[in-house]
Amino acid sequence: MKVLIFYTKEFAYTPSQKNLDNAPDPGEPKTFNNCLLACIQIEAADEEKGIRSREKKLANHLKWAARKNNTTNIVLHSFAHLSDSKASVDFTHALFNDAQSRLENADYQVAQTPFGYFLDLKIDAPGFSLARIWAEL
């Protein structure tokens with residue numbers, strides 16, 4: 001799993017193009033303030049390690065990054081461009097949902113960008129230490 005995190009003053013998206021045939025309606029454009037944008041690539045090897053181990057590892061990393069950036073707002077964004085290896089769509093979607101539940105149980109406000117869509121993005125990310133974090137989990 002590869003994760004690229006941006007602390008953002010403001011993050012907004014507008015659904016642009018559907019890229020999964022069975023993706024549900026993406027809903028309206030959304031804007032978030034004072035949040036972590038977590039761009040996440042789930043890899044084929046993650047399926048071998050199991051969903052529980054992976055969602056726990058992801059959630060713990062995001063909680064650490066949120067504490068470092070003094071926020072409880074996290075947006076999960078599937079970003080299949082951090083690695084050549086890709087997990088299945090079903091595994092990836094399930095891992096995102098499980099990580100969201102774990103984070104919400106720890107009092108974080110969590111959202112996901114529409115799964116199965118390309119999005120127009122607006123990112124206002126300040127430049128300071130730990131406002132951008134890359135990790136291989």
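Which residues does Ile74 touch, not counting residues up to four places away in sequence? With contact taken as heavy atoms within 4.5 Å, Ile74 touches Leu36, Leu62, Ala66, Leu103, Tyr108, Gln109, Val110 and Ala111. The structure is a predicted model, in which local features need pLDDT of at least 70 and side-chain atom pairs count only at pLDDT 80 or more, whereas totals for chains, interfaces and linings use all residues. Residues are numbered from 1 along each chain as its sequence is written, and side-chain values use heavy atoms, with hydrogens and water left out.

Nonpolar cores were defined as sets of buried Ala, Val, Leu, Ile, Met, Phe, Trp, Tyr and Cys residues joined through side-chain atoms within 4.5 Å. Buried denotes under 20% relative accessible area, exposed over 50%, and partly exposed the range in between (1.4 Å probe, protein chains only). The largest nonpolar core has 27 residues, and Ile74 is one of those with the most contacts inside it, together with Ile5, Ile40, Ile42, Leu58, Leu62 and Leu76. Two or more residues of this core come from each of β1, β2, α2 (51-68), β3 (73-78), α3 (89-105) and β6 (132-136); helices (H or I, at least four residues) and strands (E, at least two) are DSSP runs numbered from the N terminus. A second, separate core of twelve residues includes Phe6, Phe11, Cys39 and Ala111.

Aromatic rings of Phe, Tyr and Trp (its six-membered ring) were paired if their centres lie within 6.5 Å, with planes under 30 degrees apart counted as stacked, over 60 as edge-to-face and the rest as tilted. Phe11 and Tyr13 are tilted, at 6.3 Å centre to centre and 40 degrees between the planes. The pair of Phe11 and Phe32 is stacked, because the ring centres are 6.2 Å apart and the planes lie at 15 degrees. Phe11 belongs to strand β1 (residues 2-18) and Phe32 to strand β2 (residues 30-41), so this pair ties together parts 21 residues apart in sequence. Phe11, Tyr13 and Phe32 form one aromatic cluster.

Seven salt bridges were found in the whole structure, each a side-chain nitrogen of Lys or Arg within 4 Å of a carboxyl oxygen of Asp or Glu. Glu43 pairs with Lys2, with the closest N and O atoms 2.8 Å apart. Glu43 lies in the loop between β2 and α1 (44-49) and Lys2 in strand β1, so the bridge ties together parts 41 residues apart in sequence. Glu43 is buried at 10% relative accessibility, and Lys2 is buried at 11%.
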